[in-house]
Amino acid sequence: MQRCLKLAGLGTGFTAPNPLVGAVLVHEDRIIGEGYHERFGESHAEINCFQSVKKADRYLVPASTLYVSLEPCCHYGKTPPCTERIIREKIPRVVIGCRDPFSEVDGKGIERLTDHDIQVVFPVLEKLSVEMNRRFFCFHQLKRPYIILKWAQSGNHKIGGSGERIFISNDYSNRLVHKWRTEEAGIMIGTNTALVDNPELTARLWPGKNPVRVVVDHRLRLPDSLKIFDRSTPAIVLNDLSDLKAGNLHFKKLNPELPPVPSILSALHSSNLLSVLVEGGRGLLQSFIDSGIWDEVRTITNQELEIQGGISSPELFNARLIQTESYGSDTISYYRNLKP
């Protein structure tokens, strides 16, 4: 199962809104096949695992145990159900990391296997398996994207000057942030950050997929000349006035009956964004913290920089420090929300 989880992680940034899944086929303590879900819309982990078995080992398949980090799917989506392939391969025993929270599966895959006299063992390394797919579980159980708040701050806890862009983090941290961007479905900023910084919000410093660009622009006052509107990457404009789509640019109207943060999350959930990295200014970041609806915070602190005046960092509370890393002048701190 540990090997399954390691394989699953190789799909990070490419499978959303599908989960990360790894599969290993074992015959008498020898791995004869393995695979993972590599990209959304393509074959699932179990299928790739079966297809990896060498011709000389094919006869061993019906006497082997299949390990998979998440309950096999049993419905028709972009691909056929994995349970049917498992049944067809005459697998006698399946070991599962954790149950799939998606309503189309959620125990039905396990039931389908047991109905065909396949021995099912689960959960195995359940906590690690759920952690691997924490974005997927959040999306389906809480009906919202997994939210990661990120900001860079000076040693005296300032995130910028007044009305001007200040580069705070060093080159290594900048590259790491671009890696983070490839791992999430969307990246979000507010109106002021778009106007002052005019960011590209791409992962140009790291190989991988660009996230969907999201900007909160309630009154639709941002000019078309901004980089986030260059159409090179899909963009969503959350606003109070318009709901229309033009190519890969989507103006999505917020629900006025919901509080600000829940209305944003509802719109992002309906846009099928599994996770969002929030890189906005203090106002947007603080609104998520104050609402209590966030999952991770990542701060980059340049210990060698002080900014006089300027904008103070968001006030973080109800947070648990997980770990810190230091790279030259920068210290990166990772927090998780203290759930009630």
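Two strands are taken to pair if DSSP finds at least two bridges between them. Helices (H or I, at least four residues) and strands (E, at least two) are DSSP runs, numbered from the N terminus.

## Basis of the model

The structure is a predicted model, in which local features need pLDDT of at least 70 and side-chain atom pairs count only at pLDDT 80 or more, while totals for chains, interfaces and linings use all residues. Residues are numbered from 1 along each chain as its sequence is written, and side-chain values use heavy atoms, with hydrogens and water left out.

Strand β1 (residues 22-27) runs antiparallel to β3 (residues 65-70), and four bridges join the two. Val 24 has Tyr 67 of β3 as its bridge partner, and Leu 25 stands opposite Leu 66 in β3. Strand β1 is also antiparallel to β2, through six bridges, and Val 26 is bridged to Ile 31 in β2. The hairpin of β1 and β2 has two residues between the strands, and Glu 28 there takes a positive phi near 50°.

Six of the six residues of β1 are buried (under 20% relative accessible area; exposed is over 50%, and partly exposed lies in between, with a 1.4 Å probe and protein chains only). Gly 22, Val 24 and Val 26 cover one face, and Ala 23, Leu 25 and His 27 the other; all are buried.

Pro 72 lies in the loop between β3 and α3 (82-88). Pro 72 counts as buried because its relative accessible area is 0%. Leaving out residues up to four places away in sequence, Pro 72 touches Glu 46, Cys 82, Thr 83, Ile 86, Ile 96, Val 105, Gly 109 and Leu 113, where contact means heavy atoms within 4.5 Å.

## The largest pocket and helix α9

The largest pocket has a volume of about 1200 Å³. It is lined by 47 residues, and Thr 193, Asp 197, Glu 279, Gly 280 and Gly 281 lie nearest its centre. Helix α8 (191-197) is among the elements that each supply at least two lining residues, and α8 gives the largest share, five residues. A pocket is an open set of points on a 1 Å grid over the protein atoms alone where a 1.4 Å probe fits, with protein on both sides within 12 Å along at least five of seven lines; lining residues have an atom within 4 Å of a point. Grid points are joined across faces, edges and corners, and the volume is the space filled by probe spheres set on the points.

Helix α9 is another contributor to this lining. In α9 (residues 260-270), the buried residues include Val 261, Ile 264, Leu 265 and Leu 268. Just after α9, Asn 272 takes a positive phi of about 65°.

## Asn 337 in β17

Asn 337 belongs to strand β17 (residues 330-337). Asn 337 is classed as buried because its relative accessibility is 10%. Beyond its neighbours within four places in sequence, Asn 337 is in contact with Gly 292, Trp 294, Asp 295 and Asn 318.
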